[in-house]
Structure formats: C-alpha cells, structure tokens
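Biologist: Hi! I'm new to this one, could you walk me through it?
Modeller: Happy to, let's bring it up first.

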Amino acid sequence: MPTGIRKHFIYWVFPALVVLALIAMYFSGVDPLRQAVAPRLNREFGLLENIQHLTLITIIVLGYRAARASGSQLRRSMFLFIVAVTAWMFLEEVDYGLHWWELAAGVPPEDRATVRNLHNIGGTTQDIKFVGNTVMILLFVVLPFVGRKSAFAWWRYFRPSRYLVITAVVTFLLARLAHYLADGGYYPDGPISSNISEFREVMVYYVWLIYFCSLARRPWPGDPVAGAGLSA
C-alpha cells in the first residue's frame, strides 16, 4: 500500500469507519445493535465506552514503553507524565471501577451512586470540553501549518502531522452527525441521549493516540537513536 494511502487510512479513515459504524448501530432502531453500543442497564458495558477505554490503555502502554526506551531523562519524564495523566483519565472514564462493583454487588439502578467521577461534577464537563476543543484546534489544526521549514529541532519534534488536521475535521463532522440524529429524535430515550459527545470522545482519544505514537517514533532532539525500534 502506498505510504500516502496508508497514512490516510491510519489517521482518519479507520477511526471514522469505526465511529460511523457505532453511530449507525446506535441510531438504527435495531435493539440488539443499540444494546451492543450502549446497554440500557449501564452504558459503561457497551462498545462505545469500551473502545474509549481500550484506546486509553493503548496510550498508557505506548507511553510506558517509550519511557523505558528513552535515553534522555527529560524524554522519559515526558512519557511518564503522559502515562500518569492518561491513567487518571482512564480511571475517570471507568468511574474508578464503581460500575463493576455495583454489578458484582447487585446494586439496583435506583440505588447507584450519583457522584461517580470528578469530570461530571457541576459544570466541570463543559469546562473540560471547552479546554479540550481549544487545545485540539490549536495543536492539530493550526500548528501543523506553522513553521514547517523551521530548523529548530524541538519545534520539529512536537509539531503534529498535517494528516491530523483531517482527523480533527472528521472528528467535528462525526460529532455533528451524531447530534443531528439525536436532535432528529431517532433514539430520544437512549442511554446516552444526554451524552451524545461520547461518539466524539472516541475520535478525540484516537487523535491523541496517533500524536503520541508519532512522538514515540521521532528521534529526541540531540539523541538521533531515541525511539528507534518502537513498533507501537
């Protein structure tokens, strides 16, 4: 497969197909498909949430491997920081295992804990979304076109690929599609009717996974062999 086609497939075609399939299943009107994406019993056990969890776990593993392979203390610290932040996000996403505990203990839906994580308390979710959207626009839409001919090694190391611009745009379009279908009443009483942004989160986590993969593969400034041999 030509390099350009392969990059398009990895950067945006593959994740877009996955999210489109999830959207189609959820809004299909076919109950088994809907249940597979987000079960009414608890949406945490569906494909939508667990694909997010798998992506975060992959980032953690990637970051740990990159840290171990680092010859530079600064590079090692950076990837360990990525691991720590991603691990916290993973714990937030799985409600610190609360839904597994409730399932094992047989807790009925009406008795489940109302406070399950930090990012859903008060208006925190909207604040996080605003910060996340701002960072994504600056990092993955604007910066790929800034200083492309710069010889500054640190800038070249951290500058995202231009392919991520397409991924970011596709993320926005898929999010709008999911909201359009939800607003159109295709599944008004669905378990994520107030959390349609879950489809967007799949793409957001994938964008970060791809970016961190590229950082792990690039030579660290001043250490041309750093990251060599990493296959993640």
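Biologist: How far apart are the end C-alpha atoms of helix α3?
Modeller: They are 31 Å apart in this predicted model. Helix α3 has 22 residues, 47-68, so at 1.5 Å a residue it should span 32 Å, which agrees.

Biologist: Which residues of α3 are buried?
Modeller: Among them are Leu48, Leu56, Ile59 and Leu62. The buried set also includes Glu49, Gln52, His53 and Thr55, as well as Gly63, Ala66 and Ala67.

Biologist: And what covers them?
Modeller: The cover includes α1, α2 (31-37), α4 (73-93) and α9 (197-217).

Biologist: Let's stay with α9 for a moment. Where is Arg200, and is it buried or exposed?
Modeller: Arg200 sits in helix α9, and it is buried. Even so, Arg200 has no salt bridge. The nearest side chain of opposite charge belongs to Glu201, 5.6 Å away.

Biologist: What does Arg200 touch, then?
Modeller: Leaving aside residues up to four places away in sequence, Arg200 touches Lys129, Asn133, Thr171 and Ala175.

Biologist: Switching to the surface: which residues make the nonpolar patch?
Modeller: Phe9, Ile10, Phe14, Leu17, Leu20, Leu177 and Tyr180 make it, and the patch is about 640 Å².

Biologist: Which helix gives the most to that patch?
Modeller: Helix α1 does, with five residues. Both α1 (3-26) and α8 (163-183) supply at least two residues each.

Biologist: Why does Phe9 count as partly exposed?
Modeller: Phe9, which lies in helix α1, counts as partly exposed because its relative accessibility is 38%.

Note on methods
Residues are numbered from 1 along each chain as its sequence is written. This is a predicted model: local features need pLDDT of at least 70, side-chain atom pairs count only at pLDDT 80 or more; totals for chains, interfaces and linings use all residues. Side-chain values use heavy atoms; hydrogens and water are left out. Patches are made of residues with over 30% relative accessible area and no salt bridge: like charges are joined within 9 Å, nonpolar side chains (Val, Leu, Ile, Met, Phe, Trp, Tyr) within 5 Å. Accessible areas come from the Shrake-Rupley method with a 1.4 Å probe; for residues, only the protein chains shown count as cover. A salt bridge is a side-chain nitrogen of Lys or Arg within 4 Å of a carboxyl oxygen of Asp or Glu. Helices (H or I, at least four residues) and strands (E, at least two) are DSSP runs, numbered from the N terminus. Buried means under 20% relative accessible area, exposed over 50%, partly exposed in between (1.4 Å probe, protein chains only). The expected span of a helix is 1.5 Å times one less than its number of residues. Contact means heavy atoms within 4.5 Å. Lys and Arg count as positive and Asp and Glu as negative; His and the chain ends are not counted.
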